Amino acid sequence: MSGELSPIDKAKFVAAKCAAELVEDGMRVGLGTGSTAAWLVRCLGEMVREDGLKITGVPTSARTAELAREVGIEVITLDEARWLDLTIDGADEFDGDLNLIKGGGGALLQEKIVATASDQMVVIADKAKEVEMLGAFPLPIEVIPFGWQTSQALVEETLISMDVMGRSSTLRMNGASPYVTDEGNHILDLHLNRIGNPRQLALVLNQIPGVVENGLFIDICDTVVIGYGDGKVEVRDINEGTIETDRIDFVETDNLFADLGE
């Protein structure tokens, strides 16, 4: 099955497989949302079923919760867990300081809450997600439906004074209707091209009425696990200042590939 994977899917898989090895018995683990995080959930599910790993997972979206239950992971809420040992999630972009853009999958609010309620956050990503400067990927912000156009206008006006290249925004759609998050909100995607000061922008955006949260994750990620299409994995720990490399072999009979059509 693994031979049918594209290089990008192989990269996502090896990053997820490597990160799954950081999870230990008894841990409360935040489970991210998105295509790379889906690989992680399946890897952990295999460890639960075949190796007897005992963990509880706190999903960052309804679809992650559904997948986790399907593969045999015990699911609890963040309120039940109170605090997590580890959160593993994907990212749309990350820079050299491990600042992130997240929210491409529409779950940025729950993802940020879960990540900041954890002792450690690990990001799993393919090499293409690494950038010198954030902003090529549109920055998602979650806004309440009431007066969202006013919030959009305020955001675009605020961007005039920010260190960004682009200042346009679009309402994320789901077919003919606005996309609705698990919390019942909308998402505006900001087309900034380059973000010169992510920390300042994150603080300013959250002061705008109607904005619930933004997709800039600053000083939250501790470690990034970068996957490559040839099976190479690179692990960067920003706290320890270390970079380690490994290689993961693909197993043709691995059940993980049987039902993943993402």
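Entry 1. I began with T64 and listed its contacts beyond four places in sequence: L31, G32, T33, V41 and P59. The model I am reading is a predicted one. I placed T64 in helix α3.

Entry 2. I turned next to the packing of helix α3, residues 62-70, against helix α2, residues 35-51. I found an angle of about 25° between them and a distance of 9 Å between their axes. An angle under 35 degrees counts as roughly parallel, and α2 and α3 are therefore roughly parallel to each other. The crossing of α2 past α3 is right-handed. I noted the residues that make this contact: A38, V41 and R42 from α2, with T64, L67 and A68 from α3. By class, I recorded 4 nonpolar residues, 1 polar and 1 charged in the contact of α2 with α3.

Entry 3. I compared this with the pair α1 and α2, whose axes come within 8 Å and cross at roughly 45°. From α1, the contact is made by D9, K12, F13, A16, K17 and A20. From α2, I listed S35, T36, W39, L40, C43, L44, E46 and M47. The contact of α1 with α2 divides into 8 nonpolar, 2 polar and 4 charged residues.

Entry 4. I then traced the sheet. I counted 8 strands in an open sheet with mixed pairing, in the order β3-β2-β1-β4-β7-β15-β16-β17. Which strands stand at the edges? They are β3 (74-75) and β17 (242-247); each has a single partner strand, so one side of each is left without a neighbour in the sheet. For β3, I looked up the pairing with strand β2 (residues 56-59), which is parallel and runs over 2 bridges. G57 has V75 of β3 as its bridge partner.

Entry 5. I checked which strands the helices touch. Helix α1 (residues 7-20) packs on the sheet against β4 (86-89), β7 (121-126), β15 (223-227) and β16 (232-237). The direction of α1 makes about 160° with that of β7. Helix α2 lies across β1 (28-31), β4 and β7, and I read its direction as about 115° to β7.

Entry 6. Lastly I examined strand β8 (residues 139-143), where 5 of 5 residues are buried. I found both faces of β8 covered, with L139, I141 and V143 buried on one side and P140 and E142 buried on the other. To which strands is β8 joined, and how do they run? I found 5 bridges to strand β12 (residues 186-191), in the antiparallel sense. A further 3 bridges join β8 to strand β13 (residues 211-214), also antiparallel. I followed I141 in both pairings: its bridge partner in β12 is L188, and its bridge partner in β13 is N214.

Terms used:
Residues are numbered from 1 along each chain as its sequence is written. This is a predicted model: local features need pLDDT of at least 70, side-chain atom pairs count only at pLDDT 80 or more; totals for chains, interfaces and linings use all residues. Side-chain values use heavy atoms; hydrogens and water are left out. Axes are lines fitted to C-alpha atoms, for helices over the stretch in contact, and angles run from 0 to 180 degrees between N-to-C directions. Helices (H or I, at least four residues) and strands (E, at least two) are DSSP runs, numbered from the N terminus. Angles under 35 degrees count as roughly parallel, over 145 as roughly antiparallel, 65 to 115 as roughly perpendicular and the rest as oblique. A crossing is left-handed if the near helix is turned anticlockwise from the far one by less than a right angle, and right-handed if clockwise. Contact means heavy atoms within 4.5 Å. Ala, Val, Leu, Ile, Met, Phe, Trp, Tyr, Cys and Pro count as nonpolar, Asp, Glu, Lys and Arg as charged, and the others, Gly among them, as polar. Buried means under 20% relative accessible area, exposed over 50%, partly exposed in between (1.4 Å probe, protein chains only). Two strands pair if DSSP finds at least two bridges between them.
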